[in-house]
Amino acid sequence: MRVISVLNHKGGVGKTTFTGCTAQALALTGNRVLAIDNDSQHNLSTMLGTGVHRPGIREVYRADPSEGPATLLKSVRQTDVPELHVVTSCRDLCEADVADEKALSRALRKSKLDRFYDVVIIDNAPGMDRLQGASIYACDEIFVPTELKQFAIDGIAEMEAILNQRFPKAARITRIIPNFYKDTKRHNSFVAALHQLFPGRVVETPIVVDNVFDELITEGKTLFYHRLYSKGAAYYLKLVHELFNLKEDDVWERIVHKRNDRLANEARERLQRAREAQSRQNRE
């Protein structure tokens, strides 16, 4: 089981959208995926269509150590995407809930989630407090989405220094993902700078600027079900292929197949509701 923390102590870099879209793509290609919302804004819980549920990640942190694994298992919720589950967050979640930064790591290990999942991906709020610390101890590697601005690039170097100092034996940054990319001289110069500063860790496939991401969040829809032929979806498919060493053709074929099945089911459900409504109207 591969445990990934999506982390950046800067805000507004697209961590939640990256976590949600990546989790959906992995699940649609046949992986068993658990997404953990470790942010009090609980945007990932909303994005994945479950909303806030109790117990959730806050209860995992607050549980007695002997009860943590069972609480984690009770917190798992099914999403609309087959093979994708989520542990939700809530607005009450705060640093004070984390009495032990290794609580999540212990719960993941002792609950033996590797029997059920291939990938666990953890979304985090900005910052580097105890909540992020729990995520760092729990994961095997750290993915860092970033804006293409000088302060953002400097921030990654600063964050890596904090990781080395505070968490010397914990996970490290393995992949850096340029976000909000435009094919301009300025953005390309920042991408080149990232490659120079962090050789071998910057992906070749950035996430492009596309209004589709805001539309999906507003409408509560899934990128690969409802906007599969958008520019954003095309780049995400290439990115997931790169990050997880998947066969690009297989990724496309599996997602198209599952998308078509889903849309066909939705069409049948709409037709059935229309027939039922017509039948009630006729009886009246």
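Predicted model: local features only at pLDDT ≥ 70, side-chain atom pairs only at ≥ 80, totals over all residues.
1. **Overall build.** The protein has 12 helices and 7 strands. Its C-alpha trace spans about 70 × 55 × 30 Å along the principal axes. For 284 residues, a compact globule would have a radius of gyration near 19 Å, and the 20 Å found here agrees with that.

2. Of the 284 residues, 51% are buried. If you take the contacts between residues at least 6 apart in sequence, 77% of them join residues at least 24 apart.

3. **H1 against H11.** A quick reminder before the helix pairs: two packed helices are described by the angle between their axes and the distance between those axes. Helix H1 (residues 15-28) and helix H11 (residues 231-244) have axes that come within 10 Å and cross at roughly 75 degrees. Angles of 65 to 115 degrees count as roughly perpendicular, so H1 and H11 are roughly perpendicular to each other.

4. **Who touches whom in that pair.** On the H1 side you'll find Thr17, Phe18, Cys21, Thr22, Ala25 and Leu26, and they meet Tyr236, Leu239, Val240, Leu243 and Phe244 of H11. By class, the residues of this contact are 9 nonpolar and 2 polar, with no charged ones.

5. **H4 against H5.** The axes of helix H4 (residues 68-75) and helix H5 (residues 103-110) come within 8 Å and cross at roughly 75 degrees. This pair is therefore roughly perpendicular too. Gly68, Pro69 and Leu72 of H4 make the contact with Ala107, Leu108 and Lys110 of H5. The contact of H4 with H5 has 4 nonpolar residues, 1 polar and 1 charged.

6. **Thr205, a loop residue worth a look.** Is Thr205 buried or exposed? Thr205 is in the loop between helix H8 (185-197) and helix H9 (212-219). Its relative accessibility is 9%, and buried means under 20%, so Thr205 counts as buried.

7. **What Thr205 contacts.** Leaving aside neighbours within four places in sequence, Thr205 is in contact with Tyr235, Lys238, Leu239 and Glu242. With Glu242 there is also a polar contact, side chain to side chain, at 3.0 Å.

Technical notes
Residues numbered from 1 in each chain as written. Heavy atoms only, no water. Axes fitted to C-alpha atoms, helices over the stretch in contact; angles between N-to-C directions. Helix = DSSP H or I, 4+ residues; strand = E, 2+ residues; numbered from the N terminus. Parallel < 35°, antiparallel > 145°, perpendicular 65-115°, else oblique. Contact = heavy atoms within 4.5 Å. Nonpolar A, V, L, I, M, F, W, Y, C, P; charged D, E, K, R; others polar. Buried < 20%, exposed > 50% of the residue type's maximum accessible area, 1.4 Å probe, protein only. Polar contact = N/O pair within 3.5 Å; in protein donor to acceptor, adjacent residues only side chain to side chain. Rg over C-alpha atoms; globule rule 2.2 N^0.38 Å.
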